[in-house]
Amino acid sequence: MIDNAAYVIRQARPRDAQPIMELFAEATRWLAGKGLDQWQGPTDRRGTLIRRDIGVRAVWVVTHLGRVVATITVDDLADDDFWRRTDRVRSALYVHRMVVARSEAGIGLGAALLDWAAERARRKGRARLRLDAWATNDALHQYYKNLEFEMLRNTPVPGRGSGALFERSASVRLGIGPPLVSPAAARAAAAADSVARHDVERIPPLVPS
Ligand SMILES: CC(C)(COP(=O)(O)OP(=O)(O)OC[C@H]1O[C@@H](n2cnc3c(N)ncnc32)[C@H](O)[C@@H]1OP(=O)(O)O)[C@@H](O)C(=O)NCCC(=O)NCCS
């Protein structure tokens, strides 16, 4: 039994590739509807990259009410199209492919995921959390700035839409958004809830005097 109402974060399994692809498809439609060119190019490599990264245990999903509602990839890979040796690439952990389902927009789930990733960075002894974002999307840049990321530079790379480089200290936690719990914590919460319900059922009904 698992507390379905919780936002549960766990490592993605191969069968999560499909729901993750659906999150991307939904986000791509949403971006197109806003008139943005982000992610509007060919997407044929996306499935391969997601499956590859699931295979190396770098992909995470958030589930809620039994559904995959967000994903994030976190690893050591400083894409050398963007990051230079002078950036001290080993000083950071890198976020890729963060997507939140539209059904959960506006509650700070992305911010919670970035706090979670920052905690992973800190535990690995990394001083920074970094990501590259779509170069021409000012609203997206503002999103990261609002979450205390600093834009280091924006150098569009031919053939890559991304290129706006952001970083935040691994010690920053904004505490926005729902708590993200492990599957074990969600199971423990569900078990405690079930015990509490059982106890309530055992209280004899009040007899009117
Ligand atoms: C970025 C994202 C994960 C953040 O999730 P979140 O923390 O739950 O935040 P929300 O979805 O509520 O978005 C917060 C604000 O940022 C804006 N925003 C988020 N991503 C945006 C994007 N790619 N382009 C333009 N605006 C974007 C939203 O419109 C919203 O603006 P509002 O406050 O004026 O309504 C999620 O918005 C998303 O999946 N975006 C599309 C995919 C994406 O761009 N991922 C990041 C790749 S670097």
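Reader: Which residue lies over the face of Trp-30, and at what distance from the ring centre?

Author: Arg-102 does, at 3.7 Å from the ring centre. A charge sits over a ring if NZ of Lys or CZ of Arg is within 6 Å of the ring centre and within 35 degrees of the ring normal. Arg-46 gives another case, with its charged end over the ring of Trp-39, 5.3 Å from the centre.

Reader: What should I know about the model itself?

Author: This is a predicted model, where local features need pLDDT of at least 70, side-chain atom pairs count only at pLDDT 80 or more, and totals for chains, interfaces and linings use all residues. Residues are numbered from 1 along each chain as its sequence is written, and side-chain values use heavy atoms, leaving out hydrogens and water.

Reader: How many aromatic pairs does a search of the whole structure find?

Author: A pair of aromatic rings is described by the distance of the centres and the angle of the planes. Rings of Phe, Tyr and Trp (its six-membered ring) pair if their centres lie within 6.5 Å; planes under 30 degrees apart are stacked, over 60 edge-to-face, the rest tilted. The search turns up six pairs. Among them, Trp-60 and Trp-116 have centres 4.9 Å apart and planes at 65°, so they're edge-to-face.

Reader: Is Trp-60 buried or exposed?

Author: Buried, at 13% relative accessibility (buried is under 20% relative accessible area, exposed over 50%, partly exposed in between, with a 1.4 Å probe and protein chains only). Trp-116 is buried too, at 17%.
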